[in-house]
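Student: Hi! Could you walk me through this one at the level of strands, contacts and backbone angles?

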Amino acid sequence: MFAQEENGGWLTDDLMTGVAEYLGLPKIAAYEVATFYSMFNLNPVGRYIINVCTNISCMLSGSEKVVEHLKKRLGVELGETTQDGKFTLREVECLAACAAAPMFQIGKKYYETLTPEKIDAILAELE
Ligand code: FES
């Protein structure tokens, strides 16, 4: 995480190789971790990464509408970053907040029982 944070929020091949060498691990071990967990980014990302859960509880509670609202509001598709570099929109698996679905995560904070109005208010705070 430290290597990623020091590089503007994403990992390069050189950084993953460097971390593996520092830890005395084969390069593949660093790549396996970086490609498995959604908190690691292998491409440049926006200042705020919006991780929208679309797993079963969120899907049944309207995550599709959350995604559509965010796509329309931000003008990006899933996996893309806004032109101003502010927001990256991503789809993730269950974030263990199923009882408050639909939800998304920005940084370390969870935003739950989302509605279009709540989403607009959250984005307005960040803009
Ligand atoms: S299904 Fe969305 S938090 Fe669990």
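Tutor: Happy to. First a convention: two strands count as paired if DSSP finds at least two bridges between them. Helices (H or I, at least four residues) and strands (E, at least two) are DSSP runs, numbered from the N terminus. Also, this is a predicted model: local features need pLDDT of at least 70, side-chain atom pairs count only at pLDDT 80 or more, and totals for chains, interfaces and linings use all residues. Residues are numbered from 1 along each chain as its sequence is written.

Student: Good. Which residue stands opposite Tyr 110 in S4?

Tutor: Gln 105 does. Strand S3 (residues 104–106) and S4 pair in the antiparallel sense, over 3 bridges.

Student: And what is the order of the strands in the open sheet?

Tutor: The order is S2-S1-S3-S4, 4 strands with mixed pairing. Strand S2 (87–92) and strand S4 (109–111) are the edges, each pairing on one side only. On average, neighbouring strands are turned by 25 degrees against each other, direction ignored. Axes here are lines fitted to C-alpha atoms, for helices over the stretch in contact, and angles run from 0 to 180 degrees between N-to-C directions.

Student: Which helix packs on the sheet?

Tutor: Helix H5 (residues 63–74), which touches strand S1 (48–53), S2 and S3. The direction of H5 makes about 155 degrees with that of S1.

Student: Back to S1: in what sense does S1 pair with S2, parallel or antiparallel?

Tutor: Parallel, over 6 bridges, with Cys 53 opposite Val 92 in S2. With S3, S1 pairs in the antiparallel sense over 3 bridges, and there Val 52 has Phe 104 as its bridge partner.

Student: What else is Val 52 in contact with, leaving aside neighbours within four places in sequence?

Tutor: Besides Phe 104, the contacts of Val 52 are Ser 63, Val 66, Val 67, Leu 70, Arg 90, Glu 91 and Val 92. A contact needs C-beta atoms, placed from the backbone, within 7 Å.

Student: Which residues of the largest nonpolar core touch the most other members?

Tutor: Of its 16 residues, they are Ile 50, Val 52, Val 66, Leu 70, Met 103 and Phe 104. S1, H5 and S2 each supply at least two residues of this core. Such a core is a set of buried Ala, Val, Leu, Ile, Met, Phe, Trp, Tyr and Cys residues joined through C-beta atoms within 7 Å. Buried requires 20 or more other C-beta atoms within 10 Å of a residue's own, exposed 12 or fewer, and partly exposed lies in between.

Student: New topic: where is the cis peptide bond?

Tutor: It runs from Ala 101 to Pro 102, with omega near -5 degrees. Pro 102 lies in the loop between S2 and S3.

Student: Ala 96 has a positive phi; is Ala 96 buried or exposed?

Tutor: Ala 96 is exposed, because its C-beta has 10 others within 10 Å. Phi of Ala 96 is near 65 degrees, and this residue too sits in the loop between S2 and S3. Thr 113 also has a positive phi, near 40 degrees, in the loop between S4 and helix H6 (116–126). With 13 other C-beta atoms within 10 Å, Thr 113 is partly exposed.

Student: Last one: how far apart in space are Gly 79 and Glu 91?

Tutor: They are 7.5 Å apart, C-alpha to C-alpha, and 12 residues apart in sequence. Gly 79 lies in the loop between H5 and S2.

Conventions:
Contact = placed C-beta atoms within 7 Å.
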